[in-house]
Amino acid sequence: MTAASIEFVEVGPRDGLQNESTPIATADKLELIARAIGAGARRIEVTSFVNPKKVPQLADAEEVCAGLPDRQDVTFIGLVMNGRGAERAIATGRINQLGAVAVATDRFAMANQGQTRDGSVDAASEIIAMAKKAGLTGQVTIGASFGCPFEGEVQEDVVVAMARRLAAAGPVEVALADTIGVANPAHVRSLVTRVREAISPLPVRVHFHNTRNTGLANVWAAVEAGATVVDASLGGLGGCPFAPGAAGNVPSEDVVYMLERAGIATGMDLGKLVEASHWLAGVMGRKLPGMVAQAPAFPAAA
Ligand code: ZN
């Protein structure tokens, strides 16, 4: 079932930066986006239209959008949690795709967006409908698909049923997110297979956090099980307020190294990603979790 290529989605500008307490300049966010495009990214989650009081780091969503390069070949994704956020994203005129989030458990859905699980499915479906009405596309992510910080284990049947309902709203794909980084490859293989069968021909996207160092193994298991779209964050930046710890998203450069070396095309230029990761470490003023950027190039450049 393993595809010959996957579609890569850079989420660093949003998921990567969201939980950074030090404000990052809008110009640096735009440089991060430009570098991701330069490295080959054609889908980028650029910001989130949430309450700036709740996520001060993304309070410049409109400014980031105003500074986006004029690239018809790049899909700029704006994450939104509700109709108000969707209206803001659409009003920028620069966002191509709305990203909606449904959450697999009631308690996490309540903490994350003040809704029940079913309420989050309804809200995400409405956001997808708003996107389509405005001439945009919509995508949806099922948060806490592999485990919940409040309720613990999440039953696969629950996630499969949610994916079916969300697919009916007409997104470009349905994503399974390991929001708190508890998934393991066997679980990933099983759930990706079941959701893929449930929503076919819609693609499955995966979103992994490396909180417990299983992130890359989970990406591999997901791709083997037929996931064809993979989220990653440059340098491995990104955390979750409900999952304290150093590690963030799976690092873009580590994902690209692994897949390309295994013969799965990503459309990304690893050398440029590594350069961008070094640049980002300078902006952040610290070493980033990604490992490929810290290792010698292999095979060595000619
Ligand atoms: Zn995430």
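I count two residues as in contact when heavy atoms lie within 4.5 Å. I am working on a predicted model.

**Entry: M162**

I started at M162, which lies in helix α7. What does M162 touch, leaving out residues up to four places away in sequence? I find A102, V103, A104, R117, V121 and I142. Is M162 buried or exposed? M162 is buried, because its relative accessible area is 4% and the cut-off for buried is under 20%.

**Entry: helix α7**

Next I took the whole of α7, residues 156-167. This helix has 12 residues. From first C-alpha to last it reaches 16 Å, close to the 16 Å expected at 1.5 Å a residue. Which residues of α7 are buried? I list E156, V159, V160, M162, A163, L166 and A167. Looking down the axis of α7, I see its buried residues fall within an arc of 160 degrees, so they line one face of the helix. I then asked what covers them. The cover includes the strands β4 (97-103), β5 (137-143) and β6 (174-178). It also includes the helices α6 (117-133) and α8 (185-199).

**Entry: the core**

I turned to the largest nonpolar core, which has 90 residues. Which of them touch the most other members? They are L98, I142, L176, V192, V195 and F208. I142 had already turned up among the contacts of M162. Setting aside residues up to four places away in sequence, V192 touches L176, V204, V206, A222, A225, G226 and A227.

**Entry: helix α10**

I looked at α10, residues 252-261. Seven of its 10 residues are buried, so the helix is largely enclosed by the rest of the structure. The buried ones are S252, E253, D254, V255, V256, M258 and L259. Their cover includes β1 (7-10), α9, β8 (229-232) and α11. G263 follows α10 and has a positive phi, near 90 degrees.

I checked for cis peptide bonds. One joins S200 and P201, with omega at about 10 degrees. P201 sits in the loop between α8 and β7 (204-208). Another cis bond runs from F298 to P299, with omega near -10 degrees. P299 is in the segment after α11.

I also looked for positive phi in residues other than glycine. A144 has a phi of about 55 degrees. Where is A144 placed? It is in the loop between β5 and α7. A144 is buried, with a relative accessible area of 0%. N213 has a phi near 65 degrees. Its place is the loop between β7 and α9 (215-224). N213 is exposed, at a relative accessible area of 64%.

**Entry: second largest pocket**

How much space lies in the second largest pocket? I get about 230 Å³. The lining is made of 11 residues. Of these, L270, V274, P296, A297 and F298 lie nearest the centre of the pocket. F298 is also one partner in the cis bond to P299. Which helix gives the most to the lining? Helix α11 (residues 270-284) does, with three residues.

**Entry: V283**

I stayed in α11 and picked V283. V283 is partly exposed, at a relative accessible area of 27%. Leaving aside neighbours within four places in sequence, I find V283 in contact with I24 and D28.

**Entry: T2**

I ended at T2, in the segment before β1. T2 is partly exposed, with a relative accessible area of 38%. Which residues does T2 contact, once its neighbours within four places in sequence are left aside? They are V223, E224 and I264. A221 is 219 residues from T2 along the chain, and the C-alpha atoms of the pair are 9.5 Å apart.

Technical notes: Residues are numbered from 1 along each chain as its sequence is written. This is a predicted model: local features need pLDDT of at least 70, side-chain atom pairs count only at pLDDT 80 or more; totals for chains, interfaces and linings use all residues. Side-chain values use heavy atoms; hydrogens and water are left out. A nonpolar core is a set of buried Ala, Val, Leu, Ile, Met, Phe, Trp, Tyr and Cys residues joined through side-chain atoms within 4.5 Å. Buried means under 20% relative accessible area, exposed over 50%, partly exposed in between (1.4 Å probe, protein chains only). Helices (H or I, at least four residues) and strands (E, at least two) are DSSP runs, numbered from the N terminus. The expected span of a helix is 1.5 Å times one less than its number of residues. The arc is that of the directions from the helix axis to the C-beta atoms. On a 1 Å grid over the protein atoms alone, a cavity is a set of points where a 1.4 Å probe fits but cannot get out, and a pocket is an open set with protein on both sides within 12 Å along at least five of seven lines; lining residues have an atom within 4 Å of a point. Grid points are joined across faces, edges and corners, and a volume is the space filled by probe spheres set on the points.
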